[in-house]
Amino acid sequence: MSAHSTGVLFCLVAATLWGTTGTVASLAPEVPAIAIGAAAMGVGGLLQALIALGAMRRARAALLANPLLLALGAVAVAIYPLAFYSSMRMAGVTIGTVISIGSAPLISALIENRLDGQRLTARWAVGAAIGLLGMGLLSMAEGGHHDLAPNVPLGVGLGLVAGGTYAAYSWCARRIMQSGVRSRAAMGAIFGLGGLLLMPVLALSGGAFLGSAGNFAVGAYMALVPMFLGYVAFGLGLAAISTSLATTITLFEPVVAAILAVVIVGERLPAHGWVGVGLIVACLFWTTAPLPRLRRAGMRRPA
């Protein structure tokens, strides 16, 4: 398997694990959204730093040579979960996930275009259009559940903040990797610093996790599985593919979230919602599958 294919696979694994977060978070409605975000990314980030201590020590000089990227990445890591889980609480699981994840590829491509000079290809534009159409249909499929969402416009706004910070820390991590730092060290440093920033938030808002065994289990799952294991996989993916491609692949996350909402939570997804799921899958294939190469000889016209 090529490095590109391996990177795509790792990002798909990460997206699948992240897709479980909305459903699991809904099992603890009395826990504040910012507490869930702080526990998930804060504890998960510190665990990433813990397993990367050796790699970070070896790469200390290279990491310290990128202080601005480290600081920006850490702040983005701290803001992202607070905005993401608040978005789901305000606008509903599907809309919060769709807006947060769906806006990230567009913002990532814009960052790479403006800061790295990377050209926006026609293939990416078509794939993004397919994905956006799919996300739009998924968002409309949530319409029957807006009575459970207290503030949809605010939730959409928070989702855009989440998408922007997600794109920002992904770009910072990849830039640090491109300077010669290994994936584990770069992700461990950024997520460890971000996790430290989230600890005061968790201390102030996380008391409800101790209210019941179920709440504690939700917090433990969020930190260990999607945030710790998911971001380890995402870091390995970022080491092999571009930020815009990696964030486009994570469009699979709202697909997983929608399916789990139907199977576990009991929500009903209408026909156009399933069309949206299909379009997002099509977007994944379009943006990640290698294009077939036509042989020149086969294209020659007969004399």
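**View 1. Phe234 is buried, with a relative accessible area of 0%, where buried means under 20% relative accessible area, exposed over 50% and partly exposed in between (1.4 Å probe, protein chains only).** The model is predicted: local features need pLDDT of at least 70, side-chain atom pairs count only at pLDDT 80 or more, and totals for chains, interfaces and linings use all residues. Residues are numbered from 1 along each chain as its sequence is written, and side-chain values use heavy atoms, with hydrogens and water left out.

**View 2. Trp18 and Phe234 form an edge-to-face aromatic pair.** Rings of Phe, Tyr and Trp (its six-membered ring) pair if their centres lie within 6.5 Å; planes under 30 degrees apart count as stacked, over 60 as edge-to-face and the rest as tilted. By this rule there are 13 aromatic pairs. For Trp18 and Phe234 the centres are 5.2 Å apart, with 65° between the planes. The pair links distant parts of the chain, 216 residues apart: Trp18 belongs to helix H1 (residues 3–18) and Phe234 to helix H11 (residues 213–238). Helices (H or I, at least four residues) and strands (E, at least two) are DSSP runs, numbered from the N terminus. Trp18 is buried at 3% relative accessible area.

**View 3. One aromatic cluster contains both Trp18 and Phe234.**

**View 4. Arg123 lies over the face of Trp286.** The distance from the ring centre is 6.0 Å. A charge sits over a ring if NZ of Lys or CZ of Arg is within 6 Å of the ring centre and within 35 degrees of the ring normal.

**View 5. Helix H3 (residues 33–51) packs against helix H10 (residues 183–205), with axes that come within 6 Å and cross at roughly 145°.** Axes are lines fitted to C-alpha atoms, for helices over the stretch in contact, and angles run from 0 to 180 degrees between N-to-C directions. H3 passes H10 in a left-handed crossing; a crossing is left-handed if the near helix is turned anticlockwise from the far one by less than a right angle, and right-handed if clockwise. The contact of H3 with H10 has 16 nonpolar, eight polar and one charged residues. Ala, Val, Leu, Ile, Met, Phe, Trp, Tyr, Cys and Pro count as nonpolar, Asp, Glu, Lys and Arg as charged, and the others, Gly among them, as polar. Leu46 is found in helix H3 and is partly exposed at 29% relative accessible area. The C-alpha atoms of Leu46 and Ala74, 28 residues apart along the chain, are 12 Å apart.

**View 6. Cys172 and Cys11 are too far apart for a bond.** The sulfur of Cys172 is 17 Å from its closest cysteine sulfur, in Cys11, whereas a disulfide is a pair of cysteine sulfur atoms within 2.5 Å. The count of disulfides is zero. Cys11 is buried at 0% relative accessible area, and Cys172 is buried at 0%.

**View 7. Ala261 is found in helix H13 (residues 252–265).** Ala261 is buried at 4% relative accessibility. Ala261 and Ser26 are 235 residues apart in sequence and 9.8 Å apart in space, C-alpha to C-alpha.
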